[in-house]
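Have the sequence at hand while reading.

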Amino acid sequence: MKLRNVCYAAMGALALCLGACQQSVEPQQAAIAERWSEDQANAWYAKLPWLAGVDYINAGSINQIEMWSKETYNAEEIDKELGWAEELGFNTLRVYLSSVVYENDPEGLKERMDNFLTICQKHQIKPLFTIFDDCWNAESAYGKQPDPKPGIHNSGWVQDPAVSLRQDTVTLYPKMEKYVKDLLTTFGQDERILLWDLWNEPGNNNHGVSTLPHLKKVFGWAREVNPSQPLTCGVWNWSDSFAPLNAYQIEQSDVVSYHNYNDRADHEQTIKYFKMFNRPLVCTEYMARRNNSLFSTIMPLLKENKVVAINWGFVAGKSNTIFAWDEPKPNEKEPKLWFHDIYRQDKTPFDPAEVATIKSLTGKE
């Protein structure tokens, strides 16, 4: 989930691309893609409290497939961990879904989503769901998932859809369309859901703009359903080659979302830039201690600017995100400085001062 150093020289190119974006969208997409007006988006946001939470996967799951499969879905563990989130004052979560689970067990996935939402509601949490993803392992399979590789960040996380499926869009697109439309039809009026994040970090893992045609299809299908919740797709890479993707993501999103794992000064500039679009802002990934993206510096900044604050990681587990993306440490049980995550599985925090900071900002002191 890595964000390269923000290159603000690319912002001008993005702004120009935004102006031309309407003309570049396929005619049938343009007719469908009626995103919320600024007034509608801001009125929706004005009714909400300040939202803070985590990118969530339960400690016992290595990836999206394991979290949502019938044999491994762990409602008891989720309930326990969301109780800890409630104690911190967290009131939202960002949670990844799985088209692999849906294809093999569509009704079961929806039943477990409903159960998950019931658990969230019990703990006064309104989550957002992420549907597709360009990050980490290229291939995936239904069934038993691999064991974690010691000291390796997200060793079992999978891209969705799998890379091998993307060349045959004649076969893939009907499956993707069914998945998107079924989820948004089933849950599109569900007040327990905050919003839909349609694709995580499009273009990552060297996909670049090749993900853009897929993303356009997904936005089109979502607009056909027209859920009551807003749609978004987060900007994460500021390189010039990503300008067409970034432009499309911003131009199509009802609320603007983004990732930033850099320090306060850099993050502050990112917020200033996105405020130009006059829409609610959602930071769907931040907090990497090694990068000086910290609860003590970034979370207050987000609250001051009324930006939804969602950090990566909660309870250290199979995902191994206490280790950095690019610093494998296979011989260590845990690094001296955790990269992500807040708690060990016995609820002892990595840093009690961070817990105090979070509670002070959410009003749970």
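## The sheet

A52 sits opposite A309, a residue of β8. The model in which this pairing is seen is a predicted one. Strand β1, residues 52–55, and strand β8, residues 308–312, are joined by four bridges. The two strands run parallel.

This pair belongs to an open sheet of eight strands. Reading across the sheet, the order is β5-β4-β3-β2-β1-β8-β7-β6, and the pairing is parallel. The edges are taken by β5 (231–232) and β6 (256–259); each has a single partner strand, so one side of each has no neighbour in the sheet. Strands of a sheet pair through backbone hydrogen bonds, and the pairing can be parallel or antiparallel.

## A helix across the sheet

Helix α11 covers residues 264–274 and lies across two strands, β6 and β7. Strand β7 spans residues 281–285.

## The largest pocket

The largest pocket holds about 360 Å³ of space. Its lining is made of 21 residues, and those nearest its centre are S99, E103, L165, L172 and K175. By class, the lining of this pocket has 10 nonpolar, five polar and six charged residues.

Which helix gives the most to the lining of the largest pocket? Helix α8 does, with six residues. Helices α6 (99–104) and α8 (169–187) each supply at least two residues of this lining.

## The second largest pocket

The second largest pocket has a volume of about 310 Å³. It is lined by 17 residues. Nearest the centre of this pocket lie N91, H123, Q124, I125 and K126. The lining divides into six nonpolar, six polar and five charged residues.

## Cavities

How many cavities of 30 Å³ or more does the structure hold? There are two of them. The largest cavity has a volume of about 40 Å³.

The residues lining the largest cavity are D55, I57, W312, G313, F314, V315, S319, T321 and D341. Four of the lining residues are nonpolar, three are polar and two are charged. The lining also links back to the sheet: D55 lines this cavity and falls within β1, residues 52–55. Likewise, W312 lines the cavity and falls within β8, residues 308–312.

How values were computed
Residues numbered from 1 in each chain as written. Predicted model: local features only at pLDDT ≥ 70, side-chain atom pairs only at ≥ 80, totals over all residues. Heavy atoms only, no water. 1 Å grid on protein atoms, 1.4 Å probe; cavity = no way out; pocket = protein on both sides within 12 Å on 5 of 7 lines; lining within 4 Å. Points joined across faces, edges and corners; volume = space filled by probe spheres on them. Nonpolar A, V, L, I, M, F, W, Y, C, P; charged D, E, K, R; others polar. Pairing = 2+ DSSP bridges. Contact = heavy atoms within 4.5 Å. Axes fitted to C-alpha atoms, helices over the stretch in contact; angles between N-to-C directions.
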